[in-house]
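Below are my notes on the model, as numbered points. Please read them with the structure open.

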Amino acid sequence: MDVAQFQFSSEANQQVYFYQSTELRIEVLQNQHHIWMEINGVIQSACQNKAPYRPVLPHILAMFLPYNHHKIPSSVLELGGGGQSVQRYFAQTQASVEFTSIEYDQDVIDTVKNYMPGGDNLNIIKADAFEFIAQAVNDKRQYDWVVVDLFHGAESPTKVFSAEFFLDCYKITKQDGWLVFNCLRSEPEILTSLVETVNECFDAKSKLFAVPGMKNHILLAYKSPELQGALMEHIETFNFPDEIEIHNLAKSI
């Protein structure tokens, strides 16, 4: 039992929706305070069941570090997102942010739209995430945040760890923007390779935070703005407050 399952087990749960096919099982559950969606038995998204539908899974706090300590983005591209906890909260609290989520499975989209709160205000495009990002590169589209939250069950697809993928992420991230990567791998060699690959692609030192009590690690990569004029240099990085940076695992890699 993980942190999220423990958190929701202390109250009587009500099933809001259930769907099952040969390869997919989707369930939406709620209690007095929370509503969440499970895919194939894994909690994908959870939030408070009253506006502004604040996300409650612990890894979201790490994903929101740039939001809380840098600036509010004007545009966000989210690859994946499950029950759309992040976009739903933005829609309620930062309605001016242009937020686009890419989801491959129409059954997941229909569940989010019809059985999770605030579905009418969500911008979800049915598409393959890798094809979408390749087209975005070709179209020279850019976003303040590129959020990667892609999973097959409880695993990240292998392709999201490739240098080619991170180079595409770099190209569609605006200067002074962020790559926000949710990783469920915890093996030291995988995390080391992840940090080194992203550092090379972004030409900067990325940040890596473990989520207490969960498998998630959140990688944050800042795309430095180019200084105009005689200097034409890159700002090295963006640093969070010292009490946060001491938990940055990438410093030891």
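This is a predicted model: local features need pLDDT of at least 70, side-chain atom pairs count only at pLDDT 80 or more; totals for chains, interfaces and linings use all residues.

1. Residues are numbered from 1 along each chain as its sequence is written, and side-chain values use heavy atoms, with hydrogens and water left out.

2. The protein has nine helices and 11 strands (DSSP runs numbered from the N terminus: helices are H or I with at least four residues, strands E with at least two). Its radius of gyration is 18 Å, close to the 18 Å from the globule rule for 253 residues, so the protein is as compact as a globular protein of that length. The radius is taken over C-alpha atoms, and the rule is 2.2 Å times the number of residues to the power 0.38. Along the principal axes, the C-alpha atoms fill a box of roughly 60 × 35 × 35 Å.

3. Of the 253 residues, 49% are buried (under 20% relative accessible area; exposed is over 50%, partly exposed in between, with a 1.4 Å probe and protein chains only). Among contacts (heavy atoms within 4.5 Å) between residues at least 6 apart in sequence, 59% join residues at least 24 apart.

4. The whole structure holds 19 aromatic pairs. Rings of Phe, Tyr and Trp (its six-membered ring) pair if their centres lie within 6.5 Å; planes under 30 degrees apart are stacked, over 60 edge-to-face, and the rest tilted. Phe64 and Tyr89 form a tilted pair, because their ring centres are 6.0 Å apart and their planes stand at 50 degrees. Phe64 is in the loop between α2 (59-63) and α3 (65-69), and Tyr89 is in helix α4 (residues 85-93), 25 residues apart. Phe64 is buried at 7% relative accessibility, and Tyr89 is buried at 10%.

5. Tyr67 and Phe90 make an edge-to-face pair, 5.4 Å centre to centre with 70 degrees between the planes. Tyr67 belongs to helix α3 and Phe90 to helix α4, so this pair ties together parts 23 residues apart in sequence. Tyr67 is buried, with a relative accessible area of 15%; Phe90 is buried, at 1%.

6. Which residues form one aromatic cluster? They are Phe64, Tyr67, Tyr89, Phe90, Phe99 and Trp145.
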